[in-house]
Amino acid sequence: MRVAGLTALALAALAILPLFVHSNYVLSIAISGFIFVVCAAALNLIYGFAGLLSFAQLGFWGIGGYAAAIAVVDGKLGFAASVMFAALLAAVIALVTGFPILRTNRHAFVIVTLTFALLCALVARDWISVTRGPLGIPSLPVPTFFGFAFASPTRFYYLAFAFAVLALGILYALVTSRIGLLLKAIKQNEALARSQGISPMPYKLFAFVLGAALTGMAGGIYVFHLRIVDPTFLDFYYMQTFLIFVVLGGAGSFWGVVIASALMVALPEALRFTNDLRMVIYGFVLVVAMLVMPRGIAGVFHDRRLNALRAKLA
Amino acid sequence: MEISLTYFLQLTVNGIVLGLLYGLIAVGLALIFGVMEIVNFAHGEIVMVGAFAMMFALPLFALGYWPAALVAMLVTGALGLLLYELLLARIERSEFERSILVTLGISMILLYGMQYLFTATPRLVDTNLGFEGFELGDIRITWIRCVAAFAALAAFVALGLILRFTQFGLAMRAIAQNRDAALMIGIKPRQVARNGVMVATALCGLAGAALAPIQSVQPAMGQALIFKAFALTVIGGLGHMGGALVVAIMLGLIESWSAAFTDAVWQEASVFIVMIVIVLVRPEGLFGGKRVRLG
Amino acid sequence: MTLLEIAGLSKAYRGIHAVRNTSFRVEQGTITGLIGPNGSGKTTTIDCITGFQQADAGRIRLEDRDISDLPPQRIARAGLLRTFQTVRIYDDFDLMQNLLAVTAPFADVTGWDMVLRRRRFREAHRQAARRAQEAIDLVGLTRLIDAPAAILSYGQKKLLALAATMMTNPKLVILDEPVAGVDPTRVNDIAELLRRINRSGTTFLIVEHNVEFITNLCDHVLVLDQGRLLAEGAPKAIRTDVRVLDAYLGRERQAERDPAGLQ
């Protein structure tokens, strides 16, 4: 119940933030934060719960971004429909590629998903007839929804905020349900899960597809914040960012990843780091975390509780 | 499209040189995987460090190619040692994802760190070999490419000899082929792993030094190389060095030829598509056996 | 009535024949033991029966159903459960979660039911939780029910794995070394527990090295040696069977003569 209370408080605070903060810069950071936290949570579903270290998420992020932009600019679809299209396209591609990819062993899975992401980047750069190549699609129009234009940073803030709440809500409902339990069972000990009647493939595929869809949707919204989509949208930097959030928060911990995302977005800005320096620090965070606290901040708390229990029961 | 024989041969020569350099990188990757079962995401960045080291060392030797290249190899070898002792040695073989994330972190530190220190601007590197070359019939081969190919070949021969005839090399092969058996006969895994990493990173340094005058030097140069190197290592069979080399040369040739023949669009993509297909169909690679092998 | 029938089972790895043309039956309602020296093919046989390995030849039938080519999860859902020699549990889950992971109580619950926490799910969950509590009480781990399974001792983990097989009413439970590494004072308790579960209708096939345990508990014993069925019969008969003694002791005599295994 404490969690519910704190969550409500945080949501309320975020909802009224634009009333007090008028800096476009800060609002822009917050928008990035909302979008990135969804991507991190989606990656957490795939990696932290299903146990699949999938670099393909970067590919779906890019697919979503381009799909939404192309749908609006070339397809003349509305913003909402385009974003839904982005999610759907990502999901379909995830479904089709998921089948063969999820069957491979650990080593191969990582490398194939990595290659998939690189392929998407190459396609973005080289399939000029569709993606406009290296120049990308600039001057994306302001997103509108039934005539309401998200023209100002404040309005876009609420759009991103609503999306984040919705997406995280879906993920929360999922990971705290039995499906989350079964995913974790499969991740921990697939042979045991099978001997207990669990079929791993449908669950893994489901996580893979949902993760792709949510990330595609996030990408589709984010390009309208950037107002441009080009091959740099598939820069590895995004994947590294999502990974850091998951690793630091603790793969497999919903709240850990959400809180870590918020911190990692806010802190570097507060400390006024340049982009490069921020990434260097992310790199250090990743290395240190992997050596010292491989299960993230959530893992540290978990281990403390474990030791306390051990002492109590000994 | 009319392609003259000369042009084709020119492309072939360039392709072989490129392939040999890819090979240096891929073989190092395979070596590290063979002795540690770690996929080194920072491998490309180590090549980049080698290139930068070459760039900074050249003026110290009046642009002398060989001394500067040697310095580059020493720098990256030392870097490899440092990374191994501080970080890689602490990761268990079974923790595959953890090793990926650690090396990913290292790659980020190196890449963005170099970018922060030296900006992303590409720099041209000049050596005492200049940009002249010699003619072979109608084909022109620059000295820097010629020397690069020679250096790469020499490195492969040296590596081959080391693996076959020295205690050091045999130990590495033993660990890669059957770790438990190797441990039982007293081979020290830490030592072998450390040596393997140092050899692999030294090869990176050589590749970086050789690439520096051919391509320009910039912090992001490792990124483009590394993913191809992964592709090669996987297609050849993770841990299989001979396989990585063969595939590397093929890749160099294909890239060089397809630049002329096909639309650039699918040139790079085709490599990756081939790789995905091979990994899905034959996960142990073209040359790999059930176990990872060296050579 | 024959519950499990193995016919002509064979499995080889790289030229080593782990199981050679083995055939046997397990009758319903019995507690059947499967013993044999190390390397006799016991675990391979179990793996083939439960779908974790694909046999090279032979058929496996559970009641009237051919399960030879089914994947492990289908075999489990058909009512054939197993435990593992290297004890497998979910380290990060607490004991209750460990048992709730078992599918059988949730067989009719759909994914939507689970996510939306609909009535069908809540009912199944309530019953499963009750069952889990009973199972944990039965194996004597009540005190630790909320503890993460990682802190259990080896023997306690084995008990947990056993409890997991009690979440449903399986037709056949195959136990792979259920008392190896367990506190000797608890072994009899476990035997008693197994008898109790057996009386309520579960058939057992137990792989064990502890010959005394097998002799006291089992109605029927199968002996494997070098991949073949060497002998079978009542426990008393097996204990004094010359061929069985030779298989076990012969190895010892051989080991005395030739410790390095060179001959």
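**Chat on a predicted three-chain model**

Q: Which axes in chain A come within 7 Å, and at what angle do they cross?
A: Those of helix H3 (residues 56-73) and helix H10 (residues 200-226) of chain A come within 7 Å and cross at roughly 50°. Axes here are lines fitted to C-alpha atoms, for helices over the stretch in contact, with angles from 0 to 180 degrees between N-to-C directions. Helices are DSSP runs (H or I, at least four residues), numbered from the N terminus.

Q: What does that make H3(A) and H10(A) to each other?
A: H3(A) and H10(A) are therefore oblique; under 35 degrees counts as roughly parallel, over 145 as roughly antiparallel, 65 to 115 as roughly perpendicular and the rest as oblique.

Q: Which residues make the contact?
A: Among them are A:Phe60, A:Trp61 and A:Gly64 of H3(A), and A:Gly211, A:Thr215 and A:Tyr222 of H10(A). Contact means C-beta atoms, placed from the backbone, within 7 Å.

Q: Chains next. Which pair has the most contacts?
A: Chains A and B, among the 2 pairs of chains that touch. There, 32 residues of chain A are in contact with 33 residues of chain B. H5(A) gives the most to chain A's side, with 12 residues.

Q: How many residues does the contact of A with C take?
A: 24 from chain A and 29 from chain C. On the chain A side, H8(A) gives the most, with 7 residues.

Q: And how far apart are B and C?
A: They do not touch, and their nearest C-alpha atoms are 12 Å apart.

Q: Back to chain A: how many residues of H1(A) are buried?
A: The count is 0 among its 19 residues, so by the cut-off (buried means 20 or more other C-beta atoms within 10 Å of its own) H1(A) is hardly covered.

Q: Where does H1(A) bend?
A: At A:Leu14, by about 25°, and A:Pro18 follows within four residues. The bend is the angle between axes fitted to the seven residues ending there and the seven starting there.

Q: Last one: why does B:Leu21 count as buried?
A: Because B:Leu21 has 26 C-beta neighbours inside 10 Å. B:Leu21 is in helix H1 (residues 5-36) of chain B, and the residues B:Leu21 touches include B:Ala148 and B:Leu211.

Notes:
Residues numbered from 1 in each chain as written. Chains lettered and ligands numbered in written order. Predicted model: local features only at pLDDT ≥ 70, side-chain atom pairs only at ≥ 80, totals over all residues. Helix = DSSP H or I, 4+ residues; strand = E, 2+ residues; numbered from the N terminus. Buried ≥ 20, exposed ≤ 12 C-beta atoms within 10 Å, placed from the backbone. Lists of a residue's contacts leave out its neighbours within four places in sequence.
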